[in-house]
Amino acid sequence: MNYVKSNSSQPLPQPREARHSDIAGARRRRRFRTYGIAAAVVLTVTTASAGYLAMAEPPSDGGTADVAPQVQGSAVDFTVRGGTTRVDTGSLRVTGHADDGASLPMSGAAGRQLGKPGAVSVDGGTARWSYPGKKLTVTAKSDHGRLRMTVHSDTDQKLSWPTTAPGAHGALQIPRGEGLRVPVSDAFWNSGEAGLKDSETELSGGLTLPAWGYTEGKHGVGYIVPEEVGTSLGFASKDGRIGSTARHEFSRREQTRDYTVHFSLTGSSPVSSAANYRAYLDEHGKLRSLAQKIKENPEVGRLLGAVHAYAWGSARTTKGVNELRKLGVSRLWLGYDADDQPMDKAAVRAAQRHGYLVGPYDSYANGQPSRSADNPSSKWPGSVYPDFCVRNWKGEIKEGFGGRGCYVSTQAFKQAEPGKHYLADRAKKMTANGADSYFLDVDAAGELFTDSSEGHRMNKKQDRANRLERMQKLASDDKFVLGSESAGSWAAPVLAFNHGGQTPVADGLWQLEKDKEKWGGYAPQGEPAFFFKEAELPPSLAKAMYDPRYRVPLYETALHGSVINTDRWEMPYNKLPAQKTDRALMSALYNTPLNFTLGDKNLKSTGKEMAELQRYFAPLHKAAGTERMTGYQRLTADGTVQRSEFGDGKLTVTANFGKKPYGSLPGDCVDAKLRNETRSHRLCS
């Protein structure tokens, strides 16, 4: 790796209209080489022209609040920001009409025959009609510049709607991991190789935001489902174009008989749907900033400028921790697995003297028989296993991940906690060494359960509320710097960091991880191959997950400055050599830390690499980690050069993922410019 600071006056080319061109095959990347800080090379960078990156939707109703809907026969027109929308009451087809005259499909007809609709009534700004044959009632109004539609069902049933089918030149914005931009006519994404076609994902779990959209030309459409539970998003290919369909299940038991969707006319930005969602969170007071979290617990501030790592073997010892500091790692979140060799008090104290945060990896989700449990976190006192197991309506136990034991009911824990203190005792035991952070696996990932067990029944909304409550206790009452796995936006208010939310996991990954020869197993103890063995992703998987031409920062656009996001812990930076360059450039572009693993054999080599990358990352993250991502742009037609902005220009980053120079910026390099500095920060492979 080369890290260079420079003074310069020669400007980079200014952004132009981005057009996607299909480039066959994924580019294989070489590893970063580690060097010291160079000082004798003259490089160039400039701050972007004012305003070109602006993307956030204004937090207002766009002047639409007092405009009543207009009934036009079987259609109803609503004024929204940027134009109007028309709803066909006969089919629930929604069409947008932009102020410049462009027509945009916002939804096709509902996926099944609705029957003849009743008459439309208008009361103030709200229109209402029903489908008596299906026992459905629809209310719709303009709300903060969007069309808000709520479908209520008097009975349990399903509805496929809205459906999205952009034109041939459109591109979907999908919040899988950090985010994907999928050109609808792209042959790869219309094939089975990409793992998107014919898939369906719950909004509460498999996607990181309950918001998606598309762009076509200079226009865009955004969707928000504020209550994720009960709704999934599926993808299908027709005539060589991939589109999406939301599916909602109305259920009395799950409390999902009301289904609300917000439709928006957005813009051409590749992250417009996420900017629209960020504005929605602001408008409804649902966003908690990192600055607020730091004010409530100053220890959270130590995440700014820190890289993340999980320690094994000697890396957990006082000697190992001191070695990291000698190598130059100045800020670090250091985690350790829930096994029988946790970090001891001396090692934790050493880490804290160096300014590091230390925390255990724990899980409240799995229960197994104590005598045969495969890890300490699955052992619980008394008869927690099997009494607390989630059960279906037949009374059958819900098997845990990988067929291990069972999933443990959050409701059972909640009811028992006042008298038994199972969770409080677990946290005390796990942090008896003085740890000041906590990583609670699974709780924020959004795999929610309905529990039919006698004595601790719950639905998915109750399960989510229970998870939020116990995470909130760890963060606010116990003052741990809290993280969780692949956190959806619903969990962001209670978390300081999120491991895995950056990874746009494709289904082929799970099959690869089962292959011990290619991925590695759980031995040796001090450096398990599962985490340390270098692995090569199949070309299709590498393309679906890490090709920068398809990656866009939807999660950062919505939540940067609220929660710190990284890749999955079993996919550390040192696990995938071919992706190192792209991942390092993405880390700078998204202003998010890299995640590593440290063990007996790689402590010095990986520690040195961590220190070099952190030396580059730390000043940028300290300056902008609490700021919003206020801009993002693809600067070249093929999407290999991208630019981001934080805090309205406080930090501007330009990344060249290609091989050819972009102006003065070489390929495989990134330039970062802080507003209060005259020099740029450059990182190259």
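Four strands make up an open sheet in the order E12-E19-E18-E15, with antiparallel pairing. Strands here (E, at least two residues) are DSSP runs, numbered from the N terminus, and two strands pair if DSSP finds at least two bridges between them. This is a predicted model, in which local features need pLDDT of at least 70 and side-chain atom pairs count only at pLDDT 80 or more, while totals for chains, interfaces and linings use all residues. Residues are numbered from 1 along each chain as its sequence is written, and side-chain values use heavy atoms, leaving out hydrogens and water.

**The open sheet**

- Its edge strands are E12 (157–164) and E15 (200–202), each of which pairs on one side only.
- From one strand to the next, the twist averages 25°, an angle between N-to-C directions (0 to 180 degrees) of axes fitted to C-alpha atoms.
- E12 and E19 (residues 241–250) run antiparallel and are joined by 6 bridges.
- Glutamine 157 has phenylalanine 250 in E19 as its bridge partner.

- On one pairing, 6 bridges link E33 to the antiparallel strand E32 (residues 641–646), and valine 641 stands opposite asparagine 656.
- E32 and E33 form a hairpin with 4 residues between them, and glycine 647 in the turn has a positive phi of about 60°.
- E33 also runs antiparallel to E34 (residues 669–674), again with 6 bridges, and here alanine 655 stands opposite valine 670.

- Alanine 637 lies in the loop between E31 (629–634) and E32.
- With 21% relative accessibility, alanine 637 counts as partly exposed.
- Alanine 637 and arginine 549 are 88 residues apart in sequence, and their C-alpha atoms are 9.9 Å apart in space.

**How confident is the prediction?**

- The protein averages a pLDDT (the predictor's confidence in each residue, from 0 to 100) of 91, and 90% of the residues score at least 70.
- Residues 5–11 have a pLDDT below 50, and beyond near neighbours in sequence this stretch has 23 contacts in the model; contact means heavy atoms within 4.5 Å.
- Residues 15–54 also have a pLDDT below 50, with 124 such contacts.
- Where pLDDT is low, the predicted coordinates should not be read in detail.

Technical notes
Buried means under 20% relative accessible area, exposed over 50%, partly exposed in between (1.4 Å probe, protein chains only).
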